[in-house]
Amino acid sequence: MLVDRVLSGMRPTGSLHLGHYHGVLKNWVEMQQKYECFFFVADWHALTTHYDTPQIIEQSVWDMVIDWLAVGVDPARATLFIQSKVPEHAELHLLLSMITPRGWLERVPTYKDQQEKLTEKDLGTYGFLGYPLLQSADILIYRATQVPVGEDQVPHIEFTREIARRFNHIYGRESGFEENAKAAVKKLGGKKAKLYDELRNRYQEQGDDEALQSAKLLLDEQQSLSMSDRERLLGYLEGGGKMILLEPQAMLTAASKMPGLDGQKMSKSYNNTISLREDEASVTKKIRTMPTDPARVRRTDVGNPDKCPVWQLHQVYSNEDTQHWVQQGCRSAGIGCIECKQPVIDAVLAEQTPMRERAQLYLDDPTLVRNIISDGCEKARKLAAETMRDVRESMGLSYS
């Protein structure tokens with residue numbers, strides 16, 4: 001049965017901060033309630049830009065997993081694993097590279113964009129050129145149906161869909177495919193076979209997308225179908241061959257609005273972050289020393305919240321009453337900047353308190369984290385091995 005499966009990963013290149021929480025991790029915590037989720041440490045991806053400083057990656061892997069657990073990612077609901085512990089990712093990446101035109105990689109929007117931004121790095125490597133294909137392998141090997149991304153990452157998902165389509169077109173042409181597909185239709189039973197044929201005709205003759213989705217749903221419900229027959233029927237629906245690799249959908253997530261301490265987007269490169277588990281004294285000091293509206297030189301000077309980075313944090317952390325208090329007090333000089341900052345300090349510390357408490361359990365007993373990852377890697381490898389078995393078979397690599 002095809003399930004609604006979500007795959008997402010993060011690169012371990014340093015401590016996580018509140019921007020990561022509001023931009024990614026809060027979404028993960030919500031998704032694990034609704035979908036089958038696979039969340040992975042993308043350590044091979046980190047090497048594409050940090051190949052000369054691998055110690056950063058090594059130090060960050062376990063800290064990052066603890067951060068995930070600290071914010072509420074639940075290993076009982078989601079599978080957590082490390083990319084490099086599932087070598088099938090690399091095998092699928094290699095096999096996909098055999099059919100991927102170089103021009104497809106060079107046209108990925110972030111390829112030239114990152115080269116221009118990270119000028120201090122030599123990114124003229126195959127690893128950097130090929131990272132979108134490795135990303136595709138990460139997704140396709142688990143037959144993920146949904147991949148949460150921001151709008152700027154949608155081209156990566158479309159690239160993955162093109163790779164899956166090309167692979168299926170080349171290797172889904174099994175001998176006697178149409179006869180095998182028709183035989184598989186009969187296995188659905190009289191009524192369901194008739195409905196499948198009707199929906200297939202509506203899609204192929206009229207381009208009816210609703211018919212396509214209904215037919216896929218019909219197949220999802222047939223638990224007695226073998227994987228091979230399911231792949232044939234999915235491919236037969238769209239007029240191709242066997243659907244060996246599943247085309248994923250982009251799950252658009254809202255862009256993070258988490259501002260940093262200077263009003264820019266929170267980012268390590270801007271040195272304006274608050275770490276997820278940063279100690280209370282450090283958090284308090286950072287917020288108290290934040291810049292404010294430059295027009296407020298003295299306590300009695302009126303200010304404009306729209307020109308103050310602290311106001312941006314109020315928009316994330318404060319309720320309507322507090323925001324109204326800030327607007328009135330700042331514009332009338334009724335409150336000072338230190339007073340204005342205190343509700344933000346209180347809110348950030350309150351958000352971090354349960355994170356620190358959850359993390360302490362794993363800091364006290366690191367074997368708990370290792371066991372979670374070990375179990376996750378085992379589950380991920382089992383699923384990846386199933387996909388690779390089908391891939392090898394379709395490419396004629398299943399030698400007996």
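Which residues have the most contacts inside the largest nonpolar core? Before I answer, a word on what we are looking at: this is a predicted model, in which local features need pLDDT of at least 70 and side-chain atom pairs count only at pLDDT 80 or more, while totals for chains, interfaces and linings use all residues. Residues are numbered from 1 along each chain as its sequence is written, and side-chain values use heavy atoms, with hydrogens and water left out.

To answer the question, W68 and Y142 have the most contacts inside that core, which holds 94 residues. By nonpolar core I mean a set of buried Ala, Val, Leu, Ile, Met, Phe, Trp, Tyr and Cys residues joined through side-chain atoms within 4.5 Å, where buried stands for under 20% relative accessible area, exposed for over 50%, and partly exposed for what lies in between, with a 1.4 Å probe and protein chains only. If we leave aside residues up to four places away in sequence, Y142 touches R5, L7, F38, F81, V86, H89, A380, L383 and A384, a contact being heavy atoms within 4.5 Å. Another core lies apart from the largest one and has 20 residues, including L188, A215, L234 and L246. In soluble globular proteins, nonpolar side chains tend to be buried together.

Now the protein as a whole. Its 400 residues are 49% buried, and the C-alpha trace spans about 85 × 45 × 45 Å along its principal axes. There are 18 helices and five strands, taken as DSSP runs numbered from the N terminus, with helices being H or I of at least four residues and strands being E of at least two. Of the contacts with a separation of 6 or more, 76% are between residues 24 or more positions apart.

Let me turn to the charged pairs. The count of salt bridges comes to 23, each being a side-chain nitrogen of Lys or Arg within 4 Å of a carboxyl oxygen of Asp or Glu. One of them joins E162 and R107 at 2.6 Å, N to O; E162 lies in helix 9 (residues 154–171) and R107 in the loop between helix 5 (102–106) and helix 6 (109–117), so this pair ties together parts that are 55 residues apart in sequence. R107 is partly exposed, at 48% relative accessible area.

E339 and R299 also meet in a salt bridge, at 3.3 Å, N to O, and this pair links helix 17, where E339 lies, with the loop between helix 14 (280–288) and helix 15, where R299 lies, 40 residues apart. Both partners are partly exposed, E339 at 38% relative accessibility and R299 at 41% relative accessible area. Elsewhere, salt bridges that share partners join R143, E231, R389 and D390 into one network.
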